[in-house]
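Student: I have a structure open and have not looked at it before. Can you walk me through it?

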Amino acid sequence: MSKITMIYSLFGENDFILNLELQKLVKDFQINKFEIYRYAFENNDISIDDIIKIKDNIDAQDLFCNKKTIIIKNLDEKNTTKKNLKPLIDSLSKIETLKDIIVVFANAKQPSFLTKLKFKKQEYKKLEKEKLNNFINEIAEENNVKLTAKAKNLLASFYSNNIGIIYNEIIKLSNYKPTIDDNDILDLIVEPNLSNIFSLTDAISAKNKPLAIKLLFKEYNAGTSDLLIFGTIISQIRNAILIKERQKTPSIKIEVHPFVQQKLKYFVNSFDIKQLKIMYSKLFKYDLQIKKGKIDAILALEIFITENI
């Protein structure tokens with residue numbers, strides 16, 4: 001890996017996989033004696049001073065550090081100006097004249113200014129059914145645990161594309177026993193409290209706003225992460241859409257565990273497919289706002305319940 005100069009762009013909505021791959025890259029760079037420099041922007045205005053710090057680091061030839069990797073996370077062009085970005089772009093355009101420097105951008109969206117430069121890119125999309133199953137298999141194998149087909153199906157039904165949670169749950173399950181079936185998952189996965197989550201969907205179905213709000217905060221006050229509750233609610237509404245579509249076309253195969261289908265029966269029968277898709281769309285928009293730091297998950301769910309009851 002000596003005498004390498006490169007610009008990488010890692011981007012996409014699957015931020016968990018993106019960050020896993022970034023960690024692997026960093027480990028590889030460290031093994032090859034690269035010094036790591038990190039710059040992260042969290043929904044704040046990016047000043048010219050911030051840009052100059054990165055630019056100067058790219059340009060600097062350190063006598064004591066021959067190799068360096070500069071990681072720039074969440075550089076959103078909307079939070080700065082083209083004038084501010086120009087010094088950074090100028091330095092990046094000359095990067096091939098330097099030795100042993102790697103610059104990595106990690107963002108939800110690929111910075112548009114990179115299209116004028118020579119760089120490698122990798123997009124991380126949400127995992128479709130087959131890729132999600134492959135991900136579960138890979139993490140299970142890495143942690144020396146085998147999940148039965150029903151166990152994997154149930155895990156995916158609970159958490160859908162919330163793969164950060166799936167990743168952590170598989171690690172916890174691996175400490176229990178070498179082979180896990182769906183009954184083990186029902187016994188062991190207690191966050192979020194599944195009975196509370198299904199009771200919450202029932203309360204929404206019954207248009208019982210006070211009970212729905214009470215159950216939401218009961219789970220939150222018990223210490224469950226608001227993001228975990230939010231992700232689970234999204235997953236269950238997605239499951240409800242799949243079940244509803246199967247009711248219309250029985251020949252369709254859906255990857256929703258029978259336990260989940262039974263628990264969602266009242267919820268599914270209380271809404272038509274259009275209403276369910278509108279709910280899912282609203283939650284998806286809230287999800288984007290949560291990721292941008294414009295609203296927290298518990299408030300988003302409270303507003304969602306108020307709007308739909």
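Predicted model: local features only at pLDDT ≥ 70, side-chain atom pairs only at ≥ 80, totals over all residues.

Student: Fine. How many helices and strands does the chain have?

Tutor: The secondary structure comes to 14 helices and seven strands. The C-alpha atoms fill a box of roughly 65 × 45 × 40 Å along the principal axes.

Student: And what share of the residues is buried?

Tutor: Buried residues make up 45% of the 309 residues in the chain.

Student: What about contacts, how far apart in sequence are the partners?

Tutor: Take the contacts between residues at least 6 apart in sequence: 78% of them join residues at least 24 apart.

Student: Let's go to single residues. Where is T80?

Tutor: T80 sits in the loop between strand 3 (68-73) and helix 3 (82-93).

Student: Is T80 buried or exposed?

Tutor: T80 counts as buried because its relative accessibility is 13%, and the cut-off for buried is under 20%.

Student: What does the side chain of T80 reach?

Tutor: The backbone oxygen of I46, at 3.0 Å. The T80 side chain also has a polar contact with the side chain of N84, at 3.2 Å. If residues up to four places away in sequence are not counted, T80 touches I46 and L85.

Student: Which other residue lies in the loop between strand 3 and helix 3?

Tutor: N74 is in that loop. Phi of N74 is near 60°, which is a positive value in a residue other than glycine. N74 is partly exposed, with a relative accessible area of 30%.

Student: What lies 3.2 Å from the backbone nitrogen of N74?

Tutor: A polar atom of the N107 side chain. N107 belongs to strand 4 (residues 101-107) and is buried, at 5% relative accessible area.

Student: Which residues is N107 in contact with?

Tutor: Leaving aside neighbours within four places in sequence, N107 is in contact with L10, F11, G12, L18, I72, K73, N74 and L75. So N74 turns up in that list too.

Student: Where else is phi near 60° in a residue other than glycine?

Tutor: At K207, where the value is again positive. K207 is in the loop between helix 8 (194-205) and helix 9 (209-221). With a relative accessible area of 47%, K207 is partly exposed.

Student: Switching to R38: buried or exposed?

Tutor: R38 is exposed, because its relative accessible area is 56% and the cut-off for exposed is over 50%. R38 is found in strand 2 (residues 35-40).

Student: How far is R38 from I70?

Tutor: Their C-alpha atoms are 5.9 Å apart in space, while the two residues are 32 apart in sequence. Setting aside neighbours within four places in sequence, R38 is in contact with V26 and I71.

Student: Now the aromatics. How many aromatic pairs are there?

Tutor: A search of the whole structure finds six. One of them is F105 with F113, an edge-to-face pair with 5.8 Å centre to centre and 75° between the planes. F105 and F113 are both buried.

Student: Which residues form an aromatic cluster?

Tutor: Y8, F29 and F34 form one.

Student: Last topic, helices. At what angle do helix 5 and helix 10 pack?

Tutor: Helix 5 (residues 149-159) and helix 10 (residues 226-248) pack at about 110°, and their axes are 6 Å apart. That angle falls in the range 65 to 115, and the two helices are therefore roughly perpendicular to each other.

Student: Which residues make the contact?

Tutor: Helix 5 contributes S157, F158 and Y159, and helix 10 contributes L228, T232, S235, Q236 and N239. By class, the contact has three nonpolar, five polar and no charged residues.

Student: What does F259 touch?

Tutor: F259 touches L154, F158, L186 and F198, not counting residues up to four places away in sequence. F259 lies in helix 11 (residues 258-263) and counts as partly exposed, at 25% relative accessibility.

Student: And how far is F259 from Q110?

Tutor: Their C-alpha atoms are separated by 40 Å, and the residues are 149 apart along the chain.

Note on methods
Residues numbered from 1 in each chain as written. Heavy atoms only, no water. Helix = DSSP H or I, 4+ residues; strand = E, 2+ residues; numbered from the N terminus. Buried < 20%, exposed > 50% of the residue type's maximum accessible area, 1.4 Å probe, protein only. Polar contact = N/O pair within 3.5 Å; in protein donor to acceptor, adjacent residues only side chain to side chain. Contact = heavy atoms within 4.5 Å. Phe/Tyr/Trp six-rings, centres within 6.5 Å; stacked < 30°, edge-to-face > 60°. Axes fitted to C-alpha atoms, helices over the stretch in contact; angles between N-to-C directions. Parallel < 35°, antiparallel > 145°, perpendicular 65-115°, else oblique. Nonpolar A, V, L, I, M, F, W, Y, C, P; charged D, E, K, R; others polar.
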